[in-house]
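Hello,

I am passing a structure on to you, and I hope you enjoy looking through it.

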Amino acid sequence: MAGLIAGHATQAAGSVPGVAPGATLVSVKVAGDDGSTTLGQVIQGIGWAVANRARYGIRVLSISF
């Protein structure tokens with residue numbers, strides 16, 4: 001997902017930017033190595049992003065499961 005948002009790739013026809021090539025990404029992991037998590041951990045991760053939005057310039061929250 002991060003590559004689609006802020007990444008760039010090169011093809012034979014030239015550079016192909018993501019949909020937001022100047023974006024800065026902040027990753028918040030709420031699952032264990034095996035992918036398991038709880039609703040409480042997900043809510044805590046969202047809470048962290050909201051609490052730190054000004055510090056890190058967070059304006060969009062994309063959640064993938």
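This is a predicted model: local features need pLDDT of at least 70, side-chain atom pairs count only at pLDDT 80 or more; totals for chains, interfaces and linings use all residues.

**Starting with A2**

A2 sits in helix α1, which covers residues 2-6. Leaving aside residues up to four places away in sequence, A2 touches G7 and L25. From A2 to V60 the separation is 58 residues in sequence and 13 Å in space, C-alpha to C-alpha.

**Helix α2**

Next, take a look at α2, which runs over residues 39-51 and has 13 residues. From its first C-alpha to its last, α2 reaches 18 Å, close to the 18 Å expected at 1.5 Å a residue. Its buried residues are V42, G45 and A49. Viewed down the axis of α2, these buried residues fall within an arc of 60 degrees, so they line one face of the helix. They pack against α3 (53-56). The face of α2 turned away from this buried side carries the exposed residues L39, I43, Q44 and A51.

**The largest pocket**

Finally, there is the largest pocket, which holds about 1,000 Å³ of space. It is lined by 29 residues, and the closest to its centre are V26, S27, V60, L61 and S62. Both α1 and α2 supply at least two residues of the lining, and α2 gives the most, with four. By class, the lining has 19 nonpolar, eight polar and two charged residues.

Best wishes

Terms used. Residues are numbered from 1 along each chain as its sequence is written. Side-chain values use heavy atoms; hydrogens and water are left out. The expected span of a helix is 1.5 Å times one less than its number of residues. Buried means under 20% relative accessible area, exposed over 50%, partly exposed in between (1.4 Å probe, protein chains only). The arc is that of the directions from the helix axis to the C-beta atoms. Contact means heavy atoms within 4.5 Å. On a 1 Å grid over the protein atoms alone, a cavity is a set of points where a 1.4 Å probe fits but cannot get out, and a pocket is an open set with protein on both sides within 12 Å along at least five of seven lines; lining residues have an atom within 4 Å of a point. Grid points are joined across faces, edges and corners, and a volume is the space filled by probe spheres set on the points. Ala, Val, Leu, Ile, Met, Phe, Trp, Tyr, Cys and Pro count as nonpolar, Asp, Glu, Lys and Arg as charged, and the others, Gly among them, as polar.
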